[in-house]
Amino acid sequence: MTSRQTPPPEARRFATIEKTELPEPKRGSMMPWVLAILVFTAVVPTILVGYEIASDVQLDLDSNQKELQLERGTRLGEDIGSLLHRQFERMRTYSDGISSLIAASSSELGAEAGGEQRQRAVARLRGLLERYNAAEQHVGGRGRTDRLVHLSLSVPGLDTIEPPSPRFDRSLAGEALSQSLKHAKSKGREGVESLSGRIPYGSQSGLAVFAVPVFVQGRASAAPWGVLAAVVSLEEVQTLVETAGGSLGYEVFVTDGAGELVAHGQRSKMAHAAEVLGSALVEDFSQGGFAAKSMDFERMVAGREERIIGTSVPVVVDNENWGVFLQVDRRLGWSQVFQLRRTALRSGLVALACAVAIGIVFSLWITKPIQALSESTRQVASGQYGQLVDVGRKNEIGQLADNFNVMSLAVANTIEGLQRQREINEELFLSTIRSLAAAIDARDPYTRGHSDRVSRYARIIADQMELGLSAVTQVEVGALLHDVGKIGIEDRILRKPSALTPEEFEIMKTHPEKGGDIMAPIAVMRDVTDIIVHHHERWDGSGYPSGLAGEDIPLGARIVNVADTFDAMTTNRPYQRAMTFEVAAAKIRDFAGKAADPMVVDAFTEAMEAGLFDFSGQSSQVG
């Protein structure tokens, strides 16, 4: 392809195309080079073999991962079950101690015992509960404060005996605790031990209620004498769950017999129990008879689908079926597969090393012209039409560059023509509007040139408010046409040399709506029509024709209102003599918040003080 010089921007802007079809020279193809490099490096075969081996290993890893999770889940379930069983064992021990004390104090607790004797017996029971509570708080001599937090003994015919528990704030547990204690006492009176589900407790890990019946040997009735209930912290369960997750990426959580969340490896997830319990693993566990099982399932996380390996293990504690769940992204289990694939990639890189030099030369050879073409495309996209590029290639890229040059020149010519036509249309449109405005003003000897002046003032104000080119143009056109409705006003009123009568003024007040009716058929002029209809509205709502107030008045109409008022005050009218520009400007400032928008008045004042209004050749005493 013959090289050509890229013309300067000025020449490119107005360049024309003599012919749009270029002769297609015989060109070579890049494909043989691509194929030669791929065959030479032999990277693909090496990588494919490695990936095939990795896929075979992947199935074995899935099976091993499920076995590992089942083992971990079983161990965690045993630990949690052992923890809960030990708590029940301690409760039974405490129950035996209470039974012994009751047996020794049977005469004091009998129906024939006096009130003072009964009080002494109750005091001994309360003291025993306090010792049990204190013992729970110092298990192993380590000052543990995350186990039993509150003990109570419920006995029919006696008030519930509850020693003080300084660490326990019952209000944080709320109604859920009251209901759990009530249920536990009901089961205990039936002679049944019970364990509640998790009870929220402020920002802590939660509580559970353990309850055991208290029997007294030698008593005539076989029914329990009372019920011992303990409010126990679930912090130890939470700690076990967090430890099980560790740093291996497992999501671990535990549910109670009612299917409610008890603990989660990430404490923050406890606030999103519904999301956690919505897992397919939990649903399968509850419907499958609470059996240990591993399964694959999918879930959506942040809009991304994850493939999960999940394991569920039951924990049976006094007829309560708790569940332990472990979930992990399959990609974690495939870490060995990924490692094998990385090994295959490294092998491929060894084969690739010998082709690096050729690859660099080839990539430079192919990317340099593409970059040049891309840069020219970017310039065209940014509005610099007529860009040409010479890549110096006789292949597909060279053909693409030739086609781009043809397109670029054609686009430049088209855009240039459209721009010229747009400027002509805009000038023709504005000239037509000005001629129409001048014709309207010519009907009234007192308003000759009025529309043109109002248009200039309104544009200055709109520019000062930085409304943007489109909005400024709408204001300018609206100002030129704001009195177009006067076409429909009789000459006897419009040209009357004296002040109008009230009846005549009412007729004159119809000119904004008449203007709106005239412009209404032109749909693209809707915003301009709003300016025409509402330019006599006042900020305080006392204007016409609609009585709009404040920001309900279109902004363009508010701007034209100020410009129109200023011009009316600075020209002679039948009902007033013209004011000086300075006096009129002061009155405009007084109108702020009453007849005029304060924001528009501020812009008007700023423009006046900046000298943006050009009154040269214009007298405030001439209409």
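Select helix 18 and helix 19 together. Pro512, Gly515, Gly516 and Met519 in helix 18 meet Thr529, Ile532 and Val533 in helix 19. Contact here means heavy atoms within 4.5 Å. Helices are DSSP runs of H or I, at least four residues, and strands are runs of E, at least two; both are numbered from the N terminus.

This is a predicted model: local features need pLDDT of at least 70, side-chain atom pairs count only at pLDDT 80 or more, and totals for chains, interfaces and linings use all residues. Residues are numbered from 1 along each chain as its sequence is written, and side-chain values use heavy atoms, with hydrogens and water left out.

Stay on this pair. Axes are lines fitted to C-alpha atoms over the stretch in contact, and angles run from 0 to 180 degrees between N-to-C directions.

Next, select residues 555–569 and 581–590. These are helix 20 and helix 21, packed at about 140° with their axes 9 Å apart. This crossing is right-handed too. Show side chains: Val562, Thr565, Phe566 and Met569 in helix 20 meet Phe581, Ala584, Ala585, Lys587 and Ile588 in helix 21.

Four strands form an open sheet in the order 1-4-3-2, with antiparallel pairing. Strand 1 (148–154) and strand 2 (194–195) are at the edges, each with a single partner strand, so one side of each has no neighbour in the sheet. Two strands pair if DSSP finds at least two bridges between them.

Select strand 1 with strand 4 (residues 226–233). Six bridges join them in the antiparallel sense. Ser152 stands opposite Ala229 in strand 4. Seven of the seven residues of strand 1 are buried, so strand 1 is largely enclosed by the rest of the structure. Buried means under 20% relative accessible area, with a 1.4 Å probe and protein chains only.

Strand 2 and strand 3 (residues 207–214) pair antiparallel over two bridges. Leu195 stands opposite Phe210 in strand 3.

Finally, show the whole chain. The chain has 22 helices and nine strands. Of its 623 residues, 42% are buried.

Definitions and conventions
Buried < 20%, exposed > 50% of the residue type's maximum accessible area, 1.4 Å probe, protein only. Left-handed = near helix turned anticlockwise from the far one by under 90°.
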